[in-house]
Amino acid sequence: MQPRNMSMSGVVDLAAVKAAQEAKTKAEQARAEAARHGGTGAVSPADLVIDVDEAGFESDVLQRSTEVPVVIDFWAEWCEPCKQLSPVLERLAVEYGGRFLLAKIDVDANQMLMQQFGVQGIPAVFAVVAGQALPLFQGAAGEAQIRQTLDQLVQVAEERFGLTGLVVDPEAQPGAERPAAEERPAGPHDAALEAAVQALDAGDLGGAVQSYKNVLAEDPGNTEAKLGLAQAELLQRVQNADPQKVRQEAADKLGDAQAQIAAADLDLVGGHVEDAFGRLIDAVRVTAGDDRNAVRVRLLELFEVVGADDPRVTAARRALARALF
């Protein structure tokens, strides 16, 4: 089966807006459902490491990634470096106590998944968070590097997607049934929001923008539509830009508001969030009047793109306040 909404680039992922909101909702529903059944939905330590194949990928990885980050270990029996890395990942999965789930995929038996993830060599380690896939590292990395990567992963999963992981009970029976969360009732704007995501997937930025605007016309406070619109409009702005020309103009015209705004858009699309924010905050300091206001407004728009809960946005808001006052 085809992994959905995969983003290997690590940059701003538009489809992740919808996935993030759904992940938070599903995680809360799962905890509430477990409480109603008189338990915590706890799993055994043995359940933190699972073997996954193509048939079970949807349920074992994509669906589970809405409640816990899933780390994928691509391996093979003949791979000597895999024999060094896999035991370390398995031990850390237990040590991290449910903050991530380790899914082991034998590439010899699951060639389609290997191809879909673009695996060029093994061992290769990926993660899936709220349906979004990203590469972590390739090769038998050292334990210190692995720990650092995992720490970043669980932090992002919690701060951006509200995924606090699984509850682990050493006395729980391996493979015990956990109460499933009830399906979220369809919302009045789900069809329009889904149309926007499909337009993004098809590269139809204009269609995505219009779909998000349609939702906001009826529901001005819809958070998902606001975030989606901000991101779709960002991609529209940079779609036909010449990156080399834009960056050269920004370097030559440090006090030019529009030059810095255009470069900040490229920074953000490229995943350089702090650079984008820092560039515009510096521009606020050296501009005045309408130019300064234009920079400030664009910075606030980029805050919407990244998300108000992101710690980088919080830090940049403080820096903006200092620059303004």
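Me: Which residues does a disulfide join here?
Reply: A disulfide joins C79 to C82, with 2.4 Å from S to S, where the term stands for a pair of cysteine sulfur atoms within 2.5 Å. This is a predicted model, in which local features need pLDDT of at least 70 and side-chain atom pairs count only at pLDDT 80 or more, while totals for chains, interfaces and linings use all residues. Residues are numbered from 1 along each chain as its sequence is written, and side-chain values use heavy atoms, with hydrogens and water left out.

Me: How many disulfides does that rule give, and what is the hand of the link of C79 and C82?
Reply: The count comes to one disulfide, and the link of C79 and C82 is right-handed, with 80° about the S-S bond.

Me: Are C79 and C82 buried or exposed?
Reply: Both C79 and C82 are buried, a word that stands for under 20% relative accessible area, with exposed meaning over 50% and partly exposed in between (1.4 Å probe, protein chains only). Across the chain, buried residues make up 44% of the 325 residues.

Me: OK, changing topic: what does the secondary structure come to?
Reply: The chain has 13 helices and five strands, taken as DSSP runs numbered from the N terminus (helices are H or I with at least four residues, strands are E with at least two).

Me: In what order do the strands of the sheet lie?
Reply: The open sheet of five strands has the order β1-β3-β2-β4-β5 with mixed pairing, two strands being paired if DSSP finds at least two bridges between them. Strands β1 (49–51) and β5 (132–138) are at the edges with a single partner strand each, so one side of each has no neighbour in the sheet. On average, neighbouring strands of this sheet are turned by 25° against each other, direction ignored, with axes being lines fitted to C-alpha atoms (for helices over the stretch in contact) and angles running from 0 to 180 degrees between N-to-C directions.

Me: And in what sense do β2 and β3 pair?
Reply: Strand β2 (residues 70–75) pairs with strand β3 (residues 101–106) in the parallel sense over six bridges, and W75 stands opposite D106 in β3. Strand β4 (residues 124–129) and β5, by contrast, run antiparallel and are joined by six bridges, with F126 opposite P135 in β5.

Me: What about the backbone around there?
Reply: The hairpin of β4 and β5 has two residues between the strands, and A130 takes a positive phi near 55° in it. A cis peptide bond with omega of about 0° joins I122 and P123, and P123 is found in the loop between α4 (111–116) and β4. For background, most residues other than glycine have a negative phi, and most peptide bonds are trans.

Me: Now the helices: how do α11 and α13 cross?
Reply: The axes of helix α11 (residues 273–286) and helix α13 (residues 311–324) come within 9 Å and cross at roughly 10°. That makes α11 roughly parallel to α13, since angles under 35 degrees count as roughly parallel, over 145 as roughly antiparallel, 65 to 115 as roughly perpendicular and the rest as oblique.

Me: One more: which residues does R298 touch?
Reply: R298 lies in helix α12 (residues 289–306) and touches R237, I261, D265 and L280, not counting residues up to four places away in sequence. At 15% relative accessibility, R298 counts as buried.

Notes
Contact = heavy atoms within 4.5 Å.
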